[in-house]
Amino acid sequence: MTNPIDSGLIAAHNDKLARHVRHDYEHLGEQLARRGIDIELVREQTAAFGVAIPSWGVGTGGTRFARFPGVGEPRNVFDKLSDCGVIQQLARATPTVSLHIPWDRCSDYTEMREIAKGYGLAFDAMNSNTFSDQKGQAKSYKFGSLTHSDGAVRAQAIEHNLECIAIGEQLGSKALTVWVGDGSNFPGQQHFRRAFDRYLESTQQIYAGLPADWRMFLEHKICEPAFYATVIQDWGSSYLAANALGPKAQCLVDLGHHAPNVNIEMIVARLIAAGKLAGFHFNDSKYGDDDLDAGSVAPYRLFLVFNELVAAAHEKVKGFEPAYMLDQSHNVTDPIESLMVSAEQVQRTYAQALIVDRAALDAAQDANDALVATRLLKRGFETDVTPILQRVRQDAGGAIDPVGAYRASGYRQRMAEQRPAVAGGSGGIV
Ligand SMILES: [Mn+2]
């Protein structure tokens, strides 16, 4: 096992907090028991929950205006894996990494898999990139990729996605996430129906290259970079495409990719019912695709999404197997800290949804008792499950206080010395 942070330091840090955690956990256990909830069951389910880290998330993000890199930024995929290793070692909620090709290309994927394993990390969905041109690329994606009017551009984009699958197979990944920025900036620029047909033709060829046990995640986004119309702009288009492709194709919900005020939890419920929910890219937003940290602005909205997920698991909905990933841009924080806090936020929200009294909620809904129904949800959301999260980390050898232990470890300062700044650096937002 490769431990980027000294385990003695974590143990010493935990020793100072362990007594409080014990008392707080006991107290919460008593409170939950009065509500008929077994805290041990909630703890076990919470411990089994994991959310993937996007490899690009450990680099400082940016906007179309500027990027302000921090010190000790990862220079390549192996540096990124080390940072992901820190996050997993301390916060214990992120056992997988989601790679992005071409940003994470390397010459030896067997070695990459072994190194990741050393950090206790496996590989989640692969992400393709046909929204920007790469050095030496024959055809440009300026006017689209999988939906481009030129068949040669589409062929290049299809080939790239097939390469992502081939790399993912070497790494033990089981899914390909496809997001395209294709669309138009002017009314009349693109024939809507033909563009969608071309998307289907292209994705059918990618779908045909999926191994038997793989899934294909179709990610929609309302706008940007196409600001007039986007080909896969909402869950309706995503669903039409996933349905046309077949059972291995499902719809991925990025929380930042919707029109303002859209009821995301209801979209989630629809996709679950249709057996087409691929999973999530977690982040938060205030105005659009802001890529803010998960739950930082609207934690109750995140809770309402998890309420649908926990209800589906509780009701044993067939084919319900969502994949979870963080997808946010860290512009003003240390990305390692943001990812640890965000992973905990997602895990916290899951635990809060677990303690909702499902039988009472069903009864309130059947009785049309809106007040009791909504209070049952609020009761879960307002319960401070922090002691459960602390125990989960402590039991797994992680840090009771991940940010505190991380800051005490001096990891970032060490990396600042070991990783001199490079022009450009990493980054990217999907
Ligand atoms: Mn995304």
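Welcome! Two bridges join strand β4 to strand β5 (residues 175–178), and the two run parallel; strands here are DSSP E runs of at least two residues, helices are H or I runs of at least four, and both are numbered from the N terminus. Two strands pair if DSSP finds at least two bridges between them. This is a predicted model, in which local features need pLDDT of at least 70 and side-chain atom pairs count only at pLDDT 80 or more, while totals for chains, interfaces and linings use all residues. Residues are numbered from 1 along each chain as its sequence is written.

**The six-stranded sheet**

- Strands β4 and β5 belong to an open sheet of six strands, ordered β4-β5-β7-β9-β10-β11, with parallel pairing.
- β4 (126–127) and β11 (323–326) each have a single partner strand and stand at the edges, so one side of each is left without a neighbour in the sheet.
- Opposite Asn127 you will find Thr177 in β5.
- Helix α5 (residues 151–171) lies across β4 and β5, at about 150 degrees to β5; axes are lines fitted to C-alpha atoms, for helices over the stretch in contact, and angles run from 0 to 180 degrees between N-to-C directions.
- Helix α8 (residues 264–273) lies across β9 (249–254) and β10 (277–282), running at about 165 degrees to β9.

**The three-stranded sheet**

- Another open sheet has three strands in the order β1-β2-β3, and its pairing is parallel.
- Its edges are β1 (53–54) and β3 (122–123), each with a single partner strand, so one side of each is left without a neighbour in the sheet.
- Strand β2 (residues 96–98) pairs with β3 over two bridges, and Thr96 has Ala122 in β3 as its bridge partner.

**Helices α4 and α5**

- The axes of helix α4 (residues 109–118) and α5 come within 8 Å and cross at roughly 50 degrees.
- That makes α4 oblique to α5, a label for angles that are not under 35 degrees (roughly parallel), over 145 (roughly antiparallel) or 65 to 115 (roughly perpendicular).
- Tyr109, Thr110, Met112 and Arg113 in α4 meet Ile167, Gln170 and Leu171 in α5; contact puts the C-beta atoms, placed from the backbone, within 7 Å.

**Helix α9**

- Helix α9 (residues 299–314) has 16 residues and reaches 22 Å from its first C-alpha to its last, close to the 22 Å expected, a span of 1.5 Å times one less than its number of residues.
- The buried residues of α9 pack against α8, α10 (335–354) and α12 (370–382); buried means 20 or more other C-beta atoms within 10 Å of a residue's own, exposed 12 or fewer, and partly exposed in between.
- Just after α9, Lys316 takes a positive phi of about 50 degrees.

Conventions
Two residues are in contact if their C-beta atoms, placed from the backbone, lie within 7 Å.
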